[in-house]
Structure formats: C-alpha cells, structure tokens
Amino acid sequence: MLLDTLARVSRDVAATSARSKKTALLAELFRAAAPEDVPIVVPYLSGRLPQGRIGIGWNLLREPVPPAAEPALTVAAVDASLTAFAAVAGRGAQTERVRLVHELMSAATREEQHFLTGLLTGEVRQGALDALAAEGLATAAGAAPADVRRAVMLGGSLTTVGRALLAEGPEALARFTLQVGRAVPPMLASPGKTLDEALAKLGPCAVEEKLDGIRVQVHRAGDQVRVFTRTLEDVTDRIPELVELAAGLAGDRFVLDGEVIAFGADGRPLPFQDVAGRVGSRLDVAAAREALPLSTVFFDVLAADGEPTLDLPYRERRLRLERLVPGPQCVRRAEDGVQEAQSFLAQTLERGHEGVVLKALDAPYQTGRRGASWLKVKPVHTLDLVVLAAEWGHGRRTGKLSNLHLGALRPDGSFAMLGKTFKGLTDAMLEWQTERLGQLKVAEEGYVVRVRPELVVEVAFDGVQRSTRYPEGVTLRFARVVRYREDKRASDADTVADVLASGPLRADD
C-alpha cells in the first residue's frame, strides 16, 4: 500500500466527526490493503509506531526537505526505514540517523511528509483508534463488527486478527478463542446512579461488594500460574501469595477474575495507593510481602477445566467459581430483594469498601466491554478521566504543574474536555504529576502544558452542569482529584455518555 493512500484517509478521517463516515473511510482503506500491511497500517492510524518510541523528534525534522513529486513510498518501506533507524547505535550514530530521516522524508510527497511528521512527533489526532479500525476491518471483510471485536479481545491483537481477516475472510475469526495463559481485557461495570435505579434496570441480579484494590486475572495451566493486571501487565513475580493460592486450588486450566486488596490490623481495607505501590514495586518482593501482605478475592471465572465459560450466564459462572475457589476467597454477595440489597450495601460500606456492583444473573462475560449488565453504585460519585493538559502553578505551587485539564472519552476515541481542577492534590501528588506529565508533554503554550492523553485520574464531583465553555456543553461541579489510576489505560476512561448519565444537569455556570 502506498503511504499516500494512508495519509489521505487519515486526513479525511480527521476532517469528519461522523462515526459512520470514519468507518466507511477506514473500510475503503482496508479493502486496498494487503494482509501484510495491517500490522503497519493499524498502529499508524492510531499514531503509534510498531517499533515504539525511537527518538525521532523535532530536532531531526526541523530542516525542510524537498518533497517527492509523485507518490511512490509504501508503508512497508516506511516501516523498514524506521526499523533501521531504531537499530542505529555506536560511533557515527547521529550522522546515520540524520541520513535515514532525510532519505525517508525526501521520498515522501508534501502530504506524506505532513503525515509522517505528525506520526513521528506523536501529533496524529484523527480519532481512528482501534475500535474504529476494528469496525473498518469488519466492513471491508464482510464480517460482523461484534465478531471482530470479540476475536480481538480473545486474540490479543487487532493486527493479528486483521491480518487473518483480510487473508482468509470472516471464517478466520472462529479460531480466536480464549486460551489459558493469554490475558484478555476484563469486563467493566458501568456507573449506576442509585441502588434502586440499578435494581430496576437489571431485574434479577446479584449484588457484590465493590473492592478498592488492583484488578487481577489469574491463569493456571498445570503447575504454571500467571497473574495479569487490568492493563494486561504480567505481575506474576510481584504477588507470590496469589501464585501460591492459585497453585493450591483443586482445579486445573482455569482463568479467574478478581482483585487483590490489603487489610489493616483493624480488619478494614487499606487505601488503594498502598496496594498499587506494593503491586507496582519491582524491588525486594519478599520484604514488600512481609511489610504489606495482600489478600485476593475472586468474583468470576473465564475458563474452567480448559473450557471457556465466557458465554455462560452469570449464575452458572458463579456456581463454577464456587466449586473452584474456597468461600473466603469468593467475593461476598446478595441476591433477590430490594431490602436485602440495601442492607448489603450498608454492611459493605460499614466494612470500609467502596460500594457494590450489581450483575444481571443471565448475562455473559463480555471481555473488554463496559457492559450494561454490570452496574457499580458508590455513595460518592467519581469518574475516571484523562489528563489532557496542566497549568503551571503560582504561589506555593510555583514550578509545579497544578491545574489539570480533564477529558472524557468520545465514541470516536478522542477526548472531550470537561473542565479543570487543582483541588485534592497533595504535595506528593504535585511532585509526582509534574514529573509524569513532563514525560508526556507534546507542547507548551504559555502557562499551559499539553500532554499525550494517557494518564487516568479519578475525580470526585458534586454534579454536572451545562457550560458553553466546553465542547460537549457540560462541566463538572466542584471536581477534585481522588487519586491517579496508573492501573488503567486511557481507553478505560469514562465516556461523555457516562458523564451525562451521572446525574441531572444543573443550570449554566
């Protein structure tokens, strides 16, 4: 495929806000692509390089290079050039890097140069994220989008699934199934306003404790145990007590969904930050375990005896879970009846937990989805938002990035700014976010530092109100930072629809 084709589609996708039009453009692109182009085209559409960050910045691109007159550069040739650039090392490396960049840019037309510059500097912002690319691939190959999404979730890679789909057609999707040992994105709960409303919406359901810990997915095949976080990071070596627990269970070839949490001497749960620090530490694991032992609570099973259980209703998965896992390691729950649910919520809060999750009894497990069949209810409403920018502070915060610009996820994968906040930030958080946001900086405009939308922050607020200052016409009332959620990806952030559903709109600000 010519880079010119990709550059033109990228431009056209950026120019439209209609999801259907974006999907149609991407479908046209994939119809023109060869299967071997997919592992390059898909990350390029989302502004990523398959090679990762290779160190091409504005310093190597600031000198203009005469463009090629006609398009001849292929995406495969670009990929080969960037692979060669990433491998350069040793004496004369800088000279060779300059030569390679000049050679690449001189082979590109003016429009291709514009696209490459944005790609290499992290400025591709056309909203063609993986969800849209999956829909475009489905349309191009005549497959159902839901089937493609499921294959991607279970197969672990859109590029792997897309390549097979273009080469073999929709029949290729059947071979992408859950495999013990390969992590899959977990199912997520949608925000619920109140317990009564959630009960009325779901009908027959179970009400489970909502714990404030680190989500874990545990795979066991024979004597081999692996543990993954919700971002699919392998943390097996950091939680030896969980590995021992899983190895001691009676079953074999299973996948469990659960949460690790820590308790204080009084039996109440310790703060999330303590647990996150323990799981995130790569230092002396034995000492960390002694200082802060972790407990695990499981609430779902994705596979048992080597067979996937994703499509079974919750009530059946729960029975299989209880056969696999001893009672103390299964999350507490209640079923049936409004009074029982209200009492259970009160008891859960009394024990120091966040709230409850309601799960429809007949619902399957939808990997990677924030399904309507799981609703979370917490007394203090919070949202997980993405930091889009930050402002330099003044006074005692001089030299620190303070006021955060907060964004919610749009359907096309972009982010809508909802407002700003500097409330709730401790001195330690200010120090940490100044360093972290500095690593994500893409531009600085006066006192505003714009960053790549990657860092997720949990924000509490008192309501949603109309506002003409922000693109979606709403903002958060009295937003305040609760904590950073490095265990979440930007794609896990709450959506604009979640924000609008979180409460009645108040008058304009």
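The secondary structure of this protein comes to 18 helices and 20 strands, where helices (H or I, at least four residues) and strands (E, at least two) are DSSP runs numbered from the N terminus. The radius of gyration is 24 Å, close to the 23 Å that the globule rule gives for 509 residues, so the protein is as compact as a globular protein of that length; this radius is taken over C-alpha atoms, and the rule is 2.2 Å times the number of residues to the power 0.38. The model is a predicted one, in which local features need pLDDT of at least 70 and side-chain atom pairs count only at pLDDT 80 or more, while totals for chains, interfaces and linings use all residues. Residues are numbered from 1 along each chain as its sequence is written, and side-chain values use heavy atoms, with hydrogens and water left out.

Taken along the principal axes, the box that the C-alpha atoms fill is roughly 75 × 60 × 50 Å. Of the 509 residues, 52% are buried, a word that here means under 20% relative accessible area, with exposed meaning over 50% and partly exposed lying in between (1.4 Å probe, protein chains only). Among contacts (heavy atoms within 4.5 Å) between residues at least 6 apart in sequence, 72% join residues at least 24 apart.

We can now look at one helix. Helix α3, which spans residues 38-45, is mostly covered, since 7 of its 8 residues are buried; the buried ones are Val 38, Ile 40, Val 41, Val 42, Pro 43, Tyr 44 and Leu 45. These buried residues pack against several other helices, among them α1 (3-15), α2 (19-31) and α5 (75-87). After α3 comes Gly 47, whose phi is positive, near 80°.

With a relative accessibility of 38%, Arg 253 counts as partly exposed. Phe 478 likewise has a positive phi near 55°, and it is found in the loop between β18 (474-477) and β19 (480-484).

The strands come next. Strands of a sheet pair through backbone hydrogen bonds, either parallel or antiparallel, and two strands are said to pair here if DSSP finds at least two bridges between them. An open sheet is formed by 5 strands in the order β4-β3-β5-β6-β7, with antiparallel pairing. Its edge strands are β4 (224-229) and β7 (307-308), each of which pairs on one side only. Within this sheet, strand β3 (residues 214-221) is joined to β5 by 7 bridges, and Val 218 stands opposite Leu 256 in β5.

Another strand to follow is β11 (residues 382-392), which is mostly covered, with 10 of its 11 residues buried. It runs antiparallel to strand β16 (residues 456-460), to which 5 bridges join it, and the bridge partner of Thr 382 in β16 is Ala 460. Over 6 bridges, β11 also pairs in the antiparallel sense with strand β12 (residues 401-409), where Glu 391 stands opposite Asn 403. A further antiparallel pairing, over 3 bridges, links β11 to strand β15 (residues 448-451), and in β15 the bridge partner of Glu 391 is Val 448.
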